[in-house]
Amino acid sequence: MACVWKHPASKFWFARFTDERGVQRNRTTRQTDRRTAQTLADAWEHACRLAKRGELTEARSRAVVSEILERVSAGTESIRSVPASQFFGDWLAHKTSTKSAGTAERYETTVRQFLAHLGERAAKPLGAIRPADLQNFFTARGKTRSAKTISVDCKTLSAAFTLARRQGLIDKNPLDLVELPKIESREREPFTPDQVRLLVDTAQGDWKTAILAAYFLGARLGDVANLQWRDFDLVAGTVGYRQQKTGEKVTAALHRELLGYLLGIAGDTAGPLTPSLANRITGGHNGLSAEFNRLMRQAGIGQNRTTQKSGRSFATLSFHSLRHGFESLLANLSVSAELRRELTGRASEATQRGYTHLQLETQRRAVDQLPSVLSQPAP
């Protein structure tokens with residue numbers, strides 16, 4: 001029979017009970033009241049007897065814990081059992097209201113894929129998710145996704161499980177016991193100035209404008225495609241826009257060649273900078289990325305596509321290479337990492353809001369070092 005005892009060096013009562021293997025155990029109850037400590041000790045021994053008989057199912061375990069909470073707290077607490085699908089649904093709803101559209105979409109994709117991987121187990125309590133479930137999920141994802149994607153998946157799910165632990169829904173984050181699979185990773189390569197000149201000479205209309213904007217601003221495809229004329233101050237030579245991916249505001253000085261080009265095409269400066277590209281999806285067979293890839297082929301530039309060990313095909317050159325080229329060229333010109341972060345929108349919005357005229361002039365001196373890529377004057 002379980003009993004409790006008090007250690008002279010501790011304020012808590014300890015429980016002595018027999019576990020499922022017949023071994024005497026001593027464990028602190030972390031209770032200062034003897035009667036409450038005895039209740040816990042009796043419940044622990046009862047659970048061990050059930051385990052010894054092979055009767056400690058998940059339902060019986062939760063019943064035992066619920067009984068402990070009810071007896072210890074006189075009915076003021078009960079164990080919370082939240083299905084995994086419900087918890088992640090609530091978590092996503094909160095993130096959607098507090099994060100940018102791009103970030104919320106990434107969260108939603110990861111959670112949807114994970115719940116699909118769980119199948120019927122998604123209806124089970126959150127605490128029933130095992131490290132093996134996550135390990136198998138990441139291993140499966142690694143067969144078709146990049147190492148960077150897997151890392152984002154891990155951070156997303158870890159944030160959700162950390163919140164669940166703080167809320168008392170689980171005892172610990174199961175991701176702490178998961179080892180991410182080692183996946184071959186390839187990085188995008190930057191376009192050289194000569195390659196950008198080929199792209200600019202080949203492109204026409206909105207695509208030419210988009211390429212120049214990406215090269216001189218270091219902006220992503222979705223952001224470039226949805227730039228508005230009102231985002232530009234052609235008198236001051238600046239641009240300010242909010243990134244879709246992070247929601248952060250970018251304020252940057254315009255390169256003299258980009259400024260000259262925009263002044264040359266400026267007419268009715270209402271609406272999008274590139275109307276034929278605005279509000280279109282970037283992915284898919286008919287998306288902007290695929291359209292840009294076709295333009296690359298017309299310019300005689302290959303994607304440098306390789307097949308990884310996982311079987312996944314990866315192109316080291318894409319529209320994103322314009323952003324990489326922007327950063328690489330500035331780094332080679334000894335522009336500080338801090339200033340490069342500001343120009344590409346990786347600095348905090350608080351920093352962006354705090355720009356002074358001096359900072360914009362510092363930016364201008366930096367970006368004006370970028371090589372010219374226009375072989376013909378602006379129209």
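Which residue in β6 is the bridge partner of Gly-240? The partner is Thr-251.

This is a predicted model: local features need pLDDT of at least 70, side-chain atom pairs count only at pLDDT 80 or more, and totals for chains, interfaces and linings use all residues. Residues are numbered from 1 along each chain as its sequence is written, and side-chain values use heavy atoms, leaving out hydrogens and water.

**Sheet.** β4, β5 and β6 form an open sheet in that order, with antiparallel pairing. β4 and β6 stand at the edges with a single partner strand each, so one side of each is left without a neighbour in the sheet. Five bridges join β5 to β6. Strands pair if DSSP finds at least two bridges between them. Strands (E, at least two residues) and helices (H or I, at least four) are DSSP runs, numbered from the N terminus.

| β4 | 232–233 |
| β6 | 249–253 |

**Helix pair.** The axes of α4 (residues 101–118) and α6 (residues 147–166) come within 10 Å and cross at roughly 85 degrees. That makes α4 roughly perpendicular to α6, a term for angles of 65 to 115 degrees. Axes are lines fitted to C-alpha atoms over the stretch in contact, and angles run from 0 to 180 degrees between N-to-C directions. Arg-106, Tyr-107, Thr-110 and Phe-114 in α4 meet α6 residues including Val-152, Asp-153 and Phe-161. Contact means heavy atoms within 4.5 Å.

**Whole protein.** The protein has 15 helices and eight strands. Of its 379 residues, 43% count as buried, meaning under 20% relative accessible area with a 1.4 Å probe, protein chains only.

Methods. Parallel < 35°, antiparallel > 145°, perpendicular 65-115°, else oblique. Buried < 20%, exposed > 50% of the residue type's maximum accessible area, 1.4 Å probe, protein only.
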